[in-house]
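Welcome! Have a look at the model below, and then we can walk through a few of its features together.

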Amino acid sequence: MTDRTTANESVVIERTFDVPADVIWQMWTNPEDFKHWYGPAGASIPVANMEARVGGVRLICMEVQTPNGPMRMWFTGEYLDVVENQRLVYTESMADENGNVMSPSQMGMPEGHPTTTEVRVELEDIGGRTKMVLTHLGIPSGSPGEAGWVMAFDKLAAYAGGRAGR
């Protein structure tokens, strides 16, 4: 995160899911479950390597189809705070397939775009349902990043609801 990040440069999304917090926690921390919902509509996650513990690393590959064929984007980060069924905090940076962080110019992003952002996920059990608040610091409200999260959470709601009945 850059020191210039302000409240205007963050996405905050609150969502309630009709499943217990442990189910939503699993969706965020189990790589096989994560692959089913992460990313905007139309994206797939062929790789999700995640060590959900403080100091653990993550390497995620998101693939989207384009007119020129599939495009892969890699994201890496480190878990900063992990409290089971309650809170997950990690850094996120665009990377190459080996987890090497890329600069904004390598990513095709404008000057001043943060190299590393921070994602905070807070879960609260509300009588068998889960209130989730996601804060993504370094991503402006109203940006394509926010739209991607909203689409991902629609997929999360559908997938978690189906998993809860099993």
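## Salt bridges

A salt bridge here is a side-chain nitrogen of Lys or Arg within 4 Å of a carboxyl oxygen of Asp or Glu. Side chains of opposite charge can pair when their charged atoms come close. This is a predicted model, in which local features need pLDDT of at least 70 and side-chain atom pairs count only at pLDDT 80 or more, while totals for chains, interfaces and linings use all residues. Residues are numbered from 1 along each chain as its sequence is written, and side-chain values use heavy atoms, leaving out hydrogens and water.

By this rule, there are eight salt bridges. One of them joins Arg129 and Asp18, at 2.7 Å from N to O. Arg129 lies in strand 7 (residues 129–137) and Asp18 in the loop between strand 1 (10–17) and helix 1, so the pair ties together parts that are 111 residues apart in sequence. Helices (H or I, at least four residues) and strands (E, at least two) are DSSP runs, numbered from the N terminus.

## Buried or exposed

Buried means under 20% relative accessible area, exposed over 50%, and partly exposed in between (1.4 Å probe, protein chains only). Arg129 is partly exposed at 37%, and Asp18 is exposed at 63%.

Another salt bridge links Arg58 and Glu92 (3.4 Å, N to O). Here Arg58 is buried at 1%, and Glu92 is buried at 8%.

## Helix 1

Seven of the nine residues of helix 1 (residues 21–29) are buried, so this helix is largely enclosed by the rest of the structure. Among those buried residues are Trp25 and Trp28.
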